[in-house]
Amino acid sequence: NIDKIRTDGIEFAWNAENVLLRGLDLSGGITYADAEILKNGKYPASVGHRVPRIPDWRLNASATWRQTEQLAWMLGLRHSGRQYNTLDGSDINPDTYGGTSRYTLWDARLNWKLDKHFRLALGVDNLTDRRTFVYHPYPARTWLLDRKIVPNRVGLGLVEGTRAFLESLGDAELAEFLVGGLATSDLPRD
């Protein structure tokens, strides 16, 4: 444990609806943090260095366009500035195992409300497939398909069991159910 640190910084967050056109919502936050180790009796060489895993800059922002009541498009931005994994800042190569990359990642998502009971979403995280590390590699481009059932559709008694069943499936079998749908006859009897 570090004896004493000091963090000076500033943070700003925003949220706005119907910006420039009806249905366009913007939100996000930006943080600057200057975190320095002031005292460390167990490792004096770390004094004066940045506190590990606290980036100097961090930014999260998203834009959502609600095209219709049923259709919404989202674009997200995640940025993390320089940070270190070691107490003395000796990790000089941030873009490898054990290092921590400076990164800017883009995410996109399409949400479609099929009816009052079902929602479907298609998304991609790390849209530009940027290779980054935070001690270990962060995921590359990742495609997401999400289907949401609201409790009123299946009944409150089936929600937990249905979710547990879907979480127990392998990727290929789960994808078949997410795309094709799930009938009560597909559920296990217990």
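Ile-2 lies in the segment before strand S1. Strands here are DSSP runs of E, at least two residues long, and they are numbered from the N terminus. A word on the source: this is a predicted model, where local features need pLDDT of at least 70, side-chain atom pairs count only at pLDDT 80 or more, and totals for chains, interfaces and linings use all residues. Residues are numbered from 1 along each chain as its sequence is written, and side-chain values use heavy atoms, with hydrogens and water left out.

Back to Ile-2. Buried or exposed, or in between? Ile-2 is partly exposed, because its relative accessible area is 29%. The cut-offs: buried is under 20% relative accessible area, exposed is over 50%, and partly exposed is in between, with a 1.4 Å probe and protein chains only. What does Ile-2 touch, not counting residues up to four places away in sequence? The list is Ile-37, Lys-39, Asn-40, Pro-52 and Leu-87. Contact means heavy atoms within 4.5 Å. Leu-38 is 36 residues from Ile-2 in sequence, and the two C-alpha atoms are 8.8 Å apart in space.

Next, strand pairing. Two strands pair if DSSP finds at least two bridges between them. Strand S4, residues 71-80, pairs with strand S5, residues 103-113. That pairing is antiparallel, over 10 bridges. Within it, Trp-73 faces Leu-110 of S5 as its opposite residue. S5 then runs antiparallel to S6, with six bridges joining them. Trp-112 stands opposite Leu-120 in S6. Leu-110 stands opposite Leu-122 in S6. One background point: in a regular strand, side chains alternate between the two faces of the sheet.

Thr-132 sits in the loop between strand S6 (118-125) and strand S7 (133-134). Thr-132 counts as buried, because its relative accessibility is 0%. Which residues are in contact with Thr-132, leaving aside neighbours within four places in sequence? They are Ser-101, Tyr-103, Leu-105, Pro-137 and Tyr-138.

Now the charges. A salt bridge here is a side-chain nitrogen of Lys or Arg within 4 Å of a carboxyl oxygen of Asp or Glu. How many salt bridges does this rule give? The count comes to six. I'll take three of them.

One is Asp-8 with Arg-6, at 3.2 Å from N to O. Asp-8 is partly exposed, at 39% relative accessible area. Arg-6 is partly exposed too, at 36%.

Another is Arg-66 with Asp-25, at 2.9 Å from N to O. Arg-66 lies in strand S3 (residues 57-66) and Asp-25 in strand S2 (residues 24-39), so this pair ties together parts that are 41 residues apart in sequence. Arg-66 is partly exposed, at 36%. Asp-25 counts as buried, because its relative accessibility is 15%.

Then Arg-109 with Asp-146. Their closest N and O atoms are 3.2 Å apart. Arg-109 lies in strand S5 and Asp-146 in strand S9 (residues 142-149), so the pair ties together parts that are 37 residues apart in sequence. Arg-109 is partly exposed at 24%. Asp-146 is partly exposed at 36%. There is also a network: salt bridges that share partners join Arg-6, Asp-8 and Glu-36.

Last topic, the nonpolar residues. Which five residues make the largest nonpolar core? They are Phe-165, Leu-166, Leu-169, Phe-177 and Leu-187. A nonpolar core is a set of buried Ala, Val, Leu, Ile, Met, Phe, Trp, Tyr and Cys residues joined through side-chain atoms within 4.5 Å. Take Leu-187. Beyond its neighbours within four places in sequence, Leu-187 is in contact with Thr-162, Phe-165 and Leu-182. In soluble globular proteins, nonpolar side chains tend to be buried together.

Phe-12, Trp-14, Ile-30 and Trp-57 make a nonpolar surface patch of about 380 Å². Patch residues have over 30% relative accessible area and no salt bridge; nonpolar side chains (Val, Leu, Ile, Met, Phe, Trp, Tyr) are joined within 5 Å, like charges within 9 Å. Areas come from the Shrake-Rupley method with a 1.4 Å probe, and for residues only the protein chains shown count as cover. Trp-14 belongs to strand S1, residues 4-16. Trp-14 counts as partly exposed, because its relative accessibility is 31%.

Terms used:
Helix = DSSP H or I, 4+ residues; strand = E, 2+ residues; numbered from the N terminus.
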